[in-house]
Amino acid sequence: MPLSRRRLLAVAVLLVPAMIVGVGPRWSSQWEEARRRHLLNQSAASADTASLPVCPVGKALDARLEAAQNEIRQHPPRDLWIPICRRAELPANRILIVSTGRDEYQLCDEQLHYPLIVRPTNVTCVLREELQSLADPRRLHTFGRFDAANTIWVSSSELAWQGNLEREHRALVSLVIALLMAGWMVPWVARRSLAAAALQTSGESPSRFLEYLLYLAGLAAAAPIAGDLREEFVDEIEPAFGAKEARRWYRRQVFTSLKGLVSIQLRRWFG
Amino acid sequence: MPKGDYLGEFEQFVLVALLRLGDDAYGVTIRREIERRTKRPTSAGSVYATLDRLQSHGMVSSRVGEATPQRGGKAKTYFRIEAAGKRALKQSRQAANAMWNGFEPTAGIGAKS
């Protein structure tokens, strides 16, 4: 089936926004994350972290971060990243068992402090958990928690991260595209229905809004239907049954015609 | 005749209306003709959607007519049944007749005559 210009245009009108919505937010959210990371590295390079308290581990760290976040909520700072505490320095000349999860860390700690066995004195358990997992993924906006230059940092405001950031970008891009399309379509449709109303010389005329709906559903295919309905309204229905009944008739006609109009438009676009 | 060429009930109504109306067949008159004869409320959208489909199959052709102030300056679109439409209509009628042959189409259930 050869592709006509109209069909190509229709495919482009649907495909280009779909691609922008599908791929664009992935790139833009990655760029945004990279920018935040860059700002974090900049802050980490210039900050004096020696005076910061040593970070606790496990639930105590949660409590510390929670308190810091509450403080930030009350007095939001200007910079994006705020240093909260510094990681405890790792002991030298010891065997370290590094845990990335709290259960693993607890198990290690229990083994080391079990009273019935002779524990080695040169072994230490260390918890180095992934800070990003501390944020609640069910919430769209959360404080970011990152580790840079042996310091734990918290973002100065609640932001969307990773999957949530991509979703947020996608919603924004969709909104912009919808507004652009509406901005193109609404004046075109309004011009058509206003021009039709201006030609009406006297008497009752059908609802401009309903005529607008017809054009919105069928675009160019709506013109003969709008003309037919207007002709019947003016010549027959309104003189015979009165304005109120004629308006009701017109409304019924418009709503029952919308499905047919949409199907015409889709067939014209996609054959 | 391939399966896709059989006409639906409403398509047959529209084509018969075009045959009856001749040169005066446009949206308003076609819809009115169908409503008057079938006593069935019909929307302008469904008439035009059917005409558009039939036109894409080459069974119907159209021409743009005059615009009037009553129509809000919009031109009428006149429709005409083409040879392919007449042929399809005839075949659909024959198929229906063949199915009904030997039955009385009354009271919902045909009694074999």
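1. Among the contacts in chain A that join residues at least 6 apart in sequence, 69% are between residues at least 24 apart. The model is a predicted one, and this percentage should be read accordingly.

2. The secondary structure of chain A comprises 7 helices and 5 strands. Read from the N terminus, the order of elements is α-α-β-β-α-β-β-β-α-α-α-α. Of the 271 residues in chain A, 21% are buried, where a buried residue has 20 or more other C-beta atoms within 10 Å of its own.

3. Turning to the contact between the chains, 28 residues of chain A are in contact with 18 residues of chain B. On the side of chain A that touches chain B, the elements giving two or more residues are helix 4 (162–199), helix 6 (222–241) and helix 7 (243–270) of chain A. Helix 6 of chain A gives the most to this side, with 12 residues.

4. The composition of that side of chain A may be stated by class. The residues of chain A that touch chain B comprise 13 nonpolar, 8 polar and 7 charged.

5. Within chain B, helix 1 (residues 9–21) and helix 2 (residues 27–38) have axes that come within 9 Å and cross at roughly 110 degrees. Helix 1 of chain B is therefore roughly perpendicular to helix 2 of chain B, since angles of 65 to 115 degrees count as such.

6. The residues that form this contact can be listed for each helix. Helix 1 of chain B contributes B:F13, B:V14, B:A17, B:L18, B:R20 and B:L21, which meet B:T29, B:I30, B:E33, B:I34 and B:T38 in helix 2 of chain B. By class, the contact of helix 1 with helix 2 of chain B has 7 nonpolar, 2 polar and 2 charged residues.

7. Helix 2 of chain B also packs with helix 3 (residues 44–56) of chain B, at an angle of about 105 degrees and with the axes 10 Å apart. Helix 2 of chain B is therefore roughly perpendicular to helix 3 of chain B. In this contact, B:G27, B:I30 and B:R31 come from helix 2 of chain B, while B:A44, B:V47 and B:Y48 come from helix 3 of chain B. The contact of helix 2 with helix 3 of chain B has 4 nonpolar, 1 polar and 1 charged residues.

Methods
Residues numbered from 1 in each chain as written. Chains lettered and ligands numbered in written order. Predicted model: local features only at pLDDT ≥ 70, side-chain atom pairs only at ≥ 80, totals over all residues. Contact = placed C-beta atoms within 7 Å. Helix = DSSP H or I, 4+ residues; strand = E, 2+ residues; numbered from the N terminus. Nonpolar A, V, L, I, M, F, W, Y, C, P; charged D, E, K, R; others polar. Buried ≥ 20, exposed ≤ 12 C-beta atoms within 10 Å, placed from the backbone. Axes fitted to C-alpha atoms, helices over the stretch in contact; angles between N-to-C directions. Parallel < 35°, antiparallel > 145°, perpendicular 65-115°, else oblique.
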